[in-house]
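Trainee: Before we use these terms, I would like to see what each one rests on.
Mentor: Then look at the structure, and ask as you go.

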Amino acid sequence: MPEVASGLHVTIRLPSLAREQALIGAAHAAGIEIAALSTLWLPDSAAGAPGRYGLILGFAGIPEAQITEAVMTLKAAWAGLG
């Protein structure tokens, strides 16, 4: 995860690790950096715990126009994933 001096973000919960990894892979392929929520859990926590999987989208210090552009890029990247 990139180092950011502030903490503005959106969290999107997902039902599974497979879905989390598919969305992150497509985002990274499109040039959008997203962090996996599952990487922040303690190592001994239950793999199937509710809320364990998801995306963390940071938007600190990014101009609004670039946020809109990034969201549209994500929409296109994720469109084929179903």
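Helix contacts and strand pairing

Mentor: Residues L23, A26 and A27 of helix 1 meet L74, A77 and W78 of helix 2, where contact means heavy atoms within 4.5 Å. This is a predicted model, in which local features need pLDDT of at least 70 and side-chain atom pairs count only at pLDDT 80 or more, while totals for chains, interfaces and linings use all residues. Residues are numbered from 1 along each chain as its sequence is written, and side-chain values use heavy atoms, with hydrogens and water left out.

Trainee: Why are helix 1 and helix 2 called oblique to each other?
Mentor: Helix 1 and helix 2 (residues 64-79) pack at about 120°, with axes 9 Å apart. Angles under 35 degrees count as roughly parallel, over 145 as roughly antiparallel, 65 to 115 as roughly perpendicular and the rest as oblique. The two helices are therefore oblique.

Trainee: Why is strand 3 called largely enclosed by the rest of the structure?
Mentor: Buried means under 20% relative accessible area (1.4 Å probe, protein chains only). Five of the six residues of strand 3 (residues 53-58) are buried, so the strand is largely enclosed.

Technical notes:
Buried means under 20% relative accessible area, exposed over 50%, partly exposed in between (1.4 Å probe, protein chains only). Helices (H or I, at least four residues) and strands (E, at least two) are DSSP runs, numbered from the N terminus. Axes are lines fitted to C-alpha atoms, for helices over the stretch in contact, and angles run from 0 to 180 degrees between N-to-C directions.
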